[in-house]
Amino acid sequence: MSLFSYTKPRALSEALRLLRGGATALAGGTDLVTLVRHGVARPERLVDLTGIEGLRGWSREKGKGIRIGALTPLADLETSAQLAKLLPIVRESLRDAATPQIRNVGTVGGNLLQRNRCWYFRDEGVPCWLKGGTRCFAVDGESRYHAVVGAHECWMVSPSDLAPALIACDAEIEVASSLGRRRMKLADLFVAPQGKRRREHALREGELVAAVRVPEGALERRGTYLKAMERKAWSFAIVSVAASARIREGRARDVRVVLGGVAPVPWRVAAAEKQLEGTALDDNACLAAADTLLDGATPLRDNGYKVTLARELVRRALRSLAG
Amino acid sequence: MRLVVNGTPREADVREHESLLTVLRERLGLPGSKNACEQGECGSCSVLVDGELVCSCLVLAAAADGRRVETVEALGSAERPHPVQRAFVEAGAVQCGFCTPGFVVAAAALLRENPEPTDAEIREALAGNICRCTGYGTILDAVRRAARITT
């Protein structure tokens with residue numbers, strides 16, 4: 001493991017000043033510690049954010065939806081009966097995420113910003129494109145868990161369970177830096193690595209995610225999260241589906257369908273959602289939407305099965321909203 | 001760094017990049033927590049930090065400064081085993097024994113919060129611990145048995 005300095009400020013302003021100076025943010029550490037241990041990340045200075053009290057916990061303001069502090073441990077969201085009533089999809093997405101030990105420590109912000117799980121990326125000895133190399137080794141290598149759609153130079157997949165679930169709830173994030181705050185759609189935080197952008201998110205230097213906001217309107221929609229994995233614990237999604245919709249007189253409105261594990265970003269296609277508007281979410285409508293979502297998919301040697309899996313998972317998730 | 005380990009204030013010289021697990025095993029003479037996967041998958045390094053079950057291999061030593069840590073050593077001894085440890089022996093839930101400290105800490109943490117867990121709750125609480133001798137059946141038996149002992 002490389003050497004680094006460590007600071008744990010109490011004030012957000014101090015943390016932001018250090019981040020502006022090029023330090024790396026540390027929250028629960030469940031991802032960063034392994035990246036540093038394996039030589040994939042080599043931070044010189046770490047800023048431990050967990051001493052900052054104001055970024056922990058969630059609250060609801062009537063009419064203004066839900067605000068979740070970025071340092072809230074995943075376990076706090078998963079075990080809150082009150083939140084499960086307001087936004088059951090969050091508990092569903094976290095139940096099968098990682099392990100109890102990791103959910104006790106891992107935070108909302110850390111989950112959203114975790115690095116991808118590609119074995120070429122995580123192998124210190126492999127100079128893959130995302131780490132500054134010339135090519136993606138998955139393209140003609142072992143590609144069982146890689147992207148089937150939306151990839152450019154890098155075929156990793158977005159690993160978060162929480163991200164698709166929150167995007168299906170129209171979540172926004174508050175981004176803070178020493179220069180001020182800005183709001184953006186959570187979906188826009190994720191970018192497919194491409195061209196000069198060898199990274200997975202759109203944060204600028206010195207910025208951190210301070211909070212996630214779910215608007216009031218999303219609380220009125222039904223939602224569900226389904227995840228296909230190889231075993232029930234410490235298993236990242238092979239394919240996951242977050243879906244939400246408002247059902248009125250048997251017809252779906254405001255449909256959202258977001259896939260995890262299939263693309264470098266949480267995968268959403270506006271046309272697929274649009275074609276579900278007003279349908280009864282019957283099998284045919286669900287499968288047609290799944291086909292639109294996966295239109296243009298170009299699986300690699302080992303991962304064509306993900307297309308079949310995603311198609312069926314989308315059908316099941318949407319069907320369950322109708323029922 | 002200073003921390004309270006198993007009720008006793010301790011001090012240790014650590015390097016920034018070391019894990020809490022390394023500090024416990026190599027600086028503080030507490031080898032009960034085991035080092036295996038080093039990525040939070042196997043749970044053999046499970047300890048409680050400020051009462052919360054965590055993988056000590058994923059906690060930076062520096063981040064544990066000032067915290068309260070409980071390891072398997074605090075739960076019981078050969079002479080005075082913790083009910084969970086007694087139940088593991090009685091149920092034959094130990095084969096090679098490497099994963100046992102992590103399972104014992106996780107099970108004790110579960111029963112502290114939830115003295116009468118359902119089977120589903122036991123499975124969920126132990127989902128972060130791996131046994132490679134595939135002794136899960138007897139491990140579940142042991143936790144049910146420990147729940148009966150403690151209630």
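**Exercise 1. Find how far apart the centres of domain 1 and domain 2 of chain B lie, and describe their contact.**

Step 1. Taken over C-alpha atoms, the centres of domain 1 of chain B and domain 2 of chain B are 21 Å apart. The bounds are 2–75 for domain 1 and 83–150 for domain 2, and they come from an automatic or database domain assignment.

A word on the model: it is predicted, with local features needing pLDDT of at least 70 and side-chain atom pairs pLDDT 80 or more, while totals for chains, interfaces and linings use all residues. Residues are numbered from 1 along each chain as its sequence is written, chains are lettered from A in the order in which they are written, and side-chain values use heavy atoms, without hydrogens and water.

Step 2. Domain 1 of chain B brings 16 residues to the contact and domain 2 of chain B brings 13, where contact means heavy atoms within 4.5 Å.

Step 3. Look for the one salt bridge across this interface: B:R112 meets B:E70 at 3.3 Å, N to O. The rule asks for a side-chain nitrogen of Lys or Arg within 4 Å of a carboxyl oxygen of Asp or Glu.

**Exercise 2. Now turn to chain A and chain B: how many residues does each give to the contact, and which salt bridges cross it?**

Step 1. Chain A gives 28 residues and chain B gives 25.

Step 2. Two salt bridges cross the interface of chain A and chain B. One of them joins A:R231 to B:E41, with the closest N and O atoms 2.5 Å apart.
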